[in-house]
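Work through the two exercises below with the sequence and the model side by side. Each solution goes step by step.

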Amino acid sequence: MRWIWGVVVAWGLAGLGWAQEWQRVEVRTPHYDLVGWGTEEEVRGWSVVLEAAWGELDGVLQARPKLEAGKRLEFRMYPDEAARKEALLAVRQAAPTAAVPVWFSPIDKVVYAYRTPSVVYARMMVIYGAVLQFHGLCKDKNLDLDATWFVHGLAQTLCVHEWDGKRIEFAVQPRLCVIDYPAKALAALGGERFGVDPWNEERMRDPYVNWAAVRFALEGVGKKYRAKYQKLALGHTGSKLSGADFLRSLGREKDVTKEFHDWLVAEQYPLAVCNGDWEDRPDGYVLGGSHDPKLLSAALLRAPRTSLDVRLHGIARPGSSPSVVLAWQDDANYVLGHALPPHFVIDFVRNGGQVDQQKFALPASAVDSVLVSMEQLETKANAIRKRVAERPGSVKLALDGTSLGSIAVYDGPIGLAMLGGIGEFSALAYR
């Protein structure tokens, strides 16, 4: 799994706690024996995810592991890397160095994974491990295919999901994700103007290009290449096609490349996770934040979008501070807006310290949410302001439809933010 991650993932989410709250939880389902470290609610959620993944994979692979009566697939999620290593040593095994943080053992057919404090990332890795295990056990020869592009590309595709605690949707196109596969794939291919041969062998070694190749084959262009992916890439004919050869097999290279390019550009998420743990949910809400009270979590609107509407929830709760980003340069230089009833407060932070603050009356003070509308305006800063780089930007701001006019801010994108805890955001719209 040397190609999988190598990414920085943020911590915490969704009211599910830190490691000191974790416990060892065992759950038995119709198809799985799960042992995991987390909260009781979290691990039981993983069991629901695993069962849903079984059904999803059965449909995609058109095959399923053959289990003896009373037997289930075994899945282990340890609290950290050291615990997984110790468990493997106890059964005289060792995960490959690059199998971080998930390994499906072809020896005893068990998934050995370890988690980070990130609840979102841990759930993604449950799905990832389920794909490796399910595929490997569908056919005996699949055990030799565990390091191939199309297996890991499938795991990457399905692990991008939406979850509300009861139901899950796999292989979605969310508005944001802690692993930004589309942006990383586009960058690996050279940006929006990538060349006529985006899938040469060297590029196909990139994990994000693996994701793009599989997701395009499964979901792109009205799913017209899905059957070819199932036939050629999943072992039905014993094929071990390289990713480059597989993509070329879809049709005339010039035509498929244009389809692939246009699909990947359209696949880009509108919001980019900057700090913290964020996830899109099936009910339309976005959750984001961290259980670290010192961590400022942010998700930023991507160009060319310049307008953002969002409802901030929980504004009357003590200690809750769901916010909007009026300008972001880095985690020491930004402008945030948040409700502090009966006011809406805008804080200007430069080099980690607050340098200014503005306050406006909330249209209604006895409520628990407020709809914030922001629009970046084009401004022409004078030469002095450009040199000082203090407030060369401007944002038009409205609260529950009541305009506050334009606010002079730093130059930088707008977005969502949360300082400590978990923020709830809804009615998200952008243009």
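**Exercise 1. Describe helix α6, from its start to what follows.**

Start at the N-terminal end: a side-chain oxygen of aspartate 206 comes within 2.8 Å of the backbone nitrogen of tyrosine 208. This is a predicted model, where local features need pLDDT of at least 70, side-chain atom pairs count only at pLDDT 80 or more, and totals for chains, interfaces and linings use all residues. Residues are numbered from 1 along each chain as its sequence is written, and side-chain values use heavy atoms, with hydrogens and water left out.

Next, the span. Helices are DSSP runs of H or I, at least four residues, and strands are runs of E, at least two, numbered from the N terminus.

Then burial (under 20% relative accessible area, 1.4 Å probe, protein chains only). 12 of the 13 residues of α6 are buried, so the helix is largely enclosed by the rest of the structure. Among them are Trp211, Arg215 and Phe216.

Finally, valine 221 follows α6, with a positive phi near 50 degrees.

**Exercise 2. Which elements give two or more residues to the lining of the largest cavity?**

Take the lining first: it includes Val120, Met124, Trp278, Glu279 and Asp280. A cavity is a set of points on a 1 Å grid over the protein atoms alone where a 1.4 Å probe fits but cannot get out; lining residues have an atom within 4 Å of a point.

Now assign elements: α3 (119-138) and β9 (277-280) qualify. β9 gives the most, three residues.

Note on methods
On a 1 Å grid over the protein atoms alone, a cavity is a set of points where a 1.4 Å probe fits but cannot get out, and a pocket is an open set with protein on both sides within 12 Å along at least five of seven lines; lining residues have an atom within 4 Å of a point. Buried means under 20% relative accessible area, exposed over 50%, partly exposed in between (1.4 Å probe, protein chains only). A polar contact is a pair of N or O atoms within 3.5 Å; within protein, one must be able to donate a hydrogen and the other to accept it, and residues adjacent in sequence count only if both atoms are side-chain atoms.
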